[in-house]
Amino acid sequence: MTEIKKPGTNAEKAVENALRIARSEERPVRILFVCLGNICRSPAAEGMMQHICNDMSPAQRPELDSAGFYGGHAGELPDRRMRMVASRRGLVLTHRSRKIHESDFDYFDLLLGMDDSNISDLHDLAPTPEAECKIARMSDFAVNYQYADCVPDPYYDGLDGFENVLNLLEDATTTLRKLIISE
Ligand code: 4NP
């Protein structure tokens, strides 16, 4: 398996666990990207991962979704600023915001939080210790940004913040893809 060069993280283990579950059920791995509002970071992660996995066979291509803890933007498209910067990179973001539910731990094999608060909320929501093994931090896959310990919330930032999010996500999704195809 491809090595993730961020020591002391559980990211690689969580992916191995997810791939093992998916393999045992003879289906592609299911990944949920999680942030607060589900209008900036997690729908961008979902759209970017979808984009770079398009060339994979249907049997291997991961099933993707995103969700947020806030819920106040439910039903909305991603933030206009995120859609704009994403479109410059060839990404069309069409996800509709939704709130995360405890049952997401039953359906998804891997739940990737963007920051400390998301990770802590995911641990609080996880119904069992096995469910907690499905949680990992998105920035742990960003191997070219060794010191990034989160994908920071860009909501109150300028466009630079949104570009920074996409740079981190590009790196992290590339690593995730490698891990999935190297199984
Ligand atoms: P996201 O950004 O968690 O990356 O979707 C946010 C979007 C909206 C809010 C907070 C963060 N909000 O408080 O409305």
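A: Helix H2 comprises the 13 residues 41–53, which at 1.5 Å a residue should span 18 Å; its end C-alpha atoms are 18 Å apart, in agreement with that expectation. The expected span is 1.5 Å times one less than the number of residues, and helices (H or I, at least four residues) and strands (E, at least two) are DSSP runs numbered from the N terminus. The model is predicted, so local features need pLDDT of at least 70 and side-chain atom pairs count only at pLDDT 80 or more, whereas totals for chains, interfaces and linings use all residues. Residues are numbered from 1 along each chain as its sequence is written, and side-chain values use heavy atoms, with hydrogens and water left out.

Of the 13 residues of H2, 10 are buried, so the helix is largely enclosed by the rest of the structure. Buried means under 20% relative accessible area, exposed over 50%, and partly exposed in between (1.4 Å probe, protein chains only). The buried set consists of Arg41, Ser42, Pro43, Ala44, Ala45, Glu46, Gly47, Met48, Met49 and Cys53. Their cover includes strands S1 (30–35) and S2 (63–68), together with helices H3 (80–87), H5 (116–125) and H7 (159–181).

Ligand oxygen atoms lie 3.0 Å from a polar backbone atom of Leu36, 2.8 Å from a backbone N or O atom of Gly37 and 3.2 Å from a polar backbone atom of Asn38. Taken alone, the ligand exposes 350 Å², of which the protein buries 92%; these areas come from the Shrake-Rupley method with a 1.4 Å probe.

Tyr155 occupies the loop between strand S4 (135–137) and H7, and its 28% relative accessibility makes it partly exposed. Although Tyr155 and Arg41 are 114 residues apart in sequence, their C-alpha atoms are 9.2 Å apart in space. Leaving aside residues up to four places away in sequence, Tyr155 touches Ile39, Cys40, His73, Asp79, Arg81 and Phe162, where contact means heavy atoms within 4.5 Å.

Val165 is found in H7 and is buried, with a relative accessible area of 0%. Beyond residues up to four places away in sequence, Val165 touches Arg41, Met82, Val151, Pro152 and Pro154.

H5, which is part of the cover of H2, has Asn118, Ile119 and Leu122 as its buried residues. Seen down the axis of H5, these residues fall within an arc of 100°, so they line one face of the helix; the arc is that of the directions from the helix axis to the C-beta atoms. On the other side of H5, Asp116 and Asp124 are exposed. The cover of the buried residues of H5 includes S1, H2, helix H4 (104–107), strand S3 (110–113) and S4.

The N-terminal end of H5 is capped by Asp115, with a side-chain oxygen 3.1 Å from the backbone nitrogen of Ser117. Arg137, in S4, joins Asp116 through a side-chain polar contact of 2.7 Å. A polar contact is a pair of N or O atoms within 3.5 Å; within protein, one must be able to donate a hydrogen and the other to accept it, and residues adjacent in sequence count only if both atoms are side-chain atoms. Not counting residues up to four places away in sequence, Arg137 touches Gly113, Asp115, Asp116, Ile119 and Asp149.
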